[in-house]
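This report is written for a reader who has not seen this protein before. Please look over the sequence and the model before reading on.

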Amino acid sequence: ATITVNGKEVANGTASGNILLEVGKNEITTIITAQDGKTQETYTVVVTREPSSDAGLADITVSEGTLSPVFNTDTKGYTVDVPNGTNSIIVTPTPRDPDAKVEMIVDGKTITDNAAPIDLKVGDNEVTVVMTAPDGTQETYTVVVTREPSSDAGLADITVSEGTLSPIFNTDTKGYTVDVPNWSKSLLVKNTPRDPDAKVAM
């Protein structure tokens, strides 16, 4: 008798070669041909390979700052500190299983493009990475990006409603004079900070 497994001949009494399994159902067909060369019997074994339950990450990288602590797949929380001048960041999660689904949520809103820069407000910005394995298992990682407040206390301009500022305004010049005629009994001074979030007191 001759034996074929999935179309490949196998010696009597020996195992077949390794059969690659896809996720899901895999049909393995064995055909036995009798010594007369005509009579055949067919046996079928259906092997079901379960989907992966791996919802872990292999890495998280950030385009700005440094991830802290150093990435470890078992560590679920991270922080990144960036200077005030950094107004966006790209967070790139890499799943261990390439078939796992990656979803990123920033301040409660789901990001549709995981490769797009994330706008940063001053203070804490929480980026939640939700990983879903092919079998539905989920893992959640969190990256809190802290953008430092501005240290810019300079002015972009000073204007006056009467007279002329002297010398001409320069942000590095801290002292000015204005001459007004006698009939000018009041004056408006407008200070424009370089940082719109800076507080101006007079």
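The sections below go from the whole chain to its strands, and then to single residues.

## Overall shape

The model described here is predicted. The protein has 15 strands and 0 helices. Its radius of gyration is 35 Å, well over the 17 Å that the globule rule gives for 202 residues, so the protein is more spread out than a compact globule. The C-alpha trace spans about 125 × 30 × 25 Å along the principal axes.

How many of the 202 residues count as buried, as a percentage? The share is 24%. The accessible surface of the protein is about 13500 Å², and carbon and sulfur atoms account for 50% of that area. Of the contacts between residues at least 6 apart in sequence, 53% link residues at least 24 apart.

Strands in a sheet pair through backbone hydrogen bonds, and the pairing is either parallel or antiparallel. Strand β1, residues 2-5, pairs with strand β3, residues 24-33, in the antiparallel sense over 4 bridges. In this pairing Ile3 is opposite Ile32 of β3.

Strand β3 is also joined to strand β4, residues 40-49, by 10 bridges, and these two strands run antiparallel. Here Asn26 faces Val47 of β4. The hairpin made by β3 and β4 has 6 residues between the strands, and within this hairpin Gly37 has a positive phi near 80°.

## Asn26

Asn26 belongs to strand β3. Is Asn26 buried or exposed? Its relative accessibility is 10%, and the limit for buried is under 20%, so Asn26 counts as buried.

The side chain of Asn26 reaches the backbone nitrogen of Glu22 at 2.7 Å. Setting aside residues up to four places away in sequence, Asn26 touches Leu20, Leu21, Val45, Val46, Val47 and Arg49. One of these, Val47, is the residue that stands opposite Asn26 in β4.

## The sheet of five strands

An open sheet of 5 strands runs in the order β6-β13-β12-β9-β10, and its pairing is mixed. Strands β6 and β10 stand at the edges; each has a single partner strand, and therefore one side of each is left without a neighbour in the sheet.

Inside this order, β9 is joined to strand β12, residues 123-132, by 6 bridges, and the two run antiparallel. Lys101 stands opposite Thr132 in β12.

## Loops with a positive phi

Asn6 is in the loop between β1 and β2, the latter covering residues 8-10. With a relative accessibility of 39%, Asn6 counts as partly exposed.

Asp107 also has a positive phi, of about 50°, although it is not a glycine. Asp107 sits in the loop between β9, residues 101-106, and β10, residues 109-110. At 47% relative accessibility, Asp107 counts as partly exposed.

## Cis peptide bonds

Where does a cis peptide bond join a serine and a proline? Ser68 and Pro69 are joined by one, with omega at about -5°. Pro69 lies in the loop between β5, residues 57-62, and β6, residues 77-82.

The peptide bond from Ser166 to Pro167 is cis as well, with omega near -5°. Pro167 is placed in the loop between β14, residues 155-160, and β15.

Strand β15 covers residues 189-193, and Val200 lies in the segment after it.

Which residues does Val200 contact, leaving aside its neighbours within four places in sequence? They are Asn191 and Pro193. Val200 and Ala153 are 47 residues apart in sequence, and their C-alpha atoms are 9.0 Å apart in space.

Note on methods
Residues numbered from 1 in each chain as written. Predicted model: local features only at pLDDT ≥ 70, side-chain atom pairs only at ≥ 80, totals over all residues. Heavy atoms only, no water. Pairing = 2+ DSSP bridges. Buried < 20%, exposed > 50% of the residue type's maximum accessible area, 1.4 Å probe, protein only. Polar contact = N/O pair within 3.5 Å; in protein donor to acceptor, adjacent residues only side chain to side chain. Contact = heavy atoms within 4.5 Å. Rg over C-alpha atoms; globule rule 2.2 N^0.38 Å. Areas by Shrake-Rupley, 256 points an atom, 1.4 Å probe, with all protein chains shown as cover.
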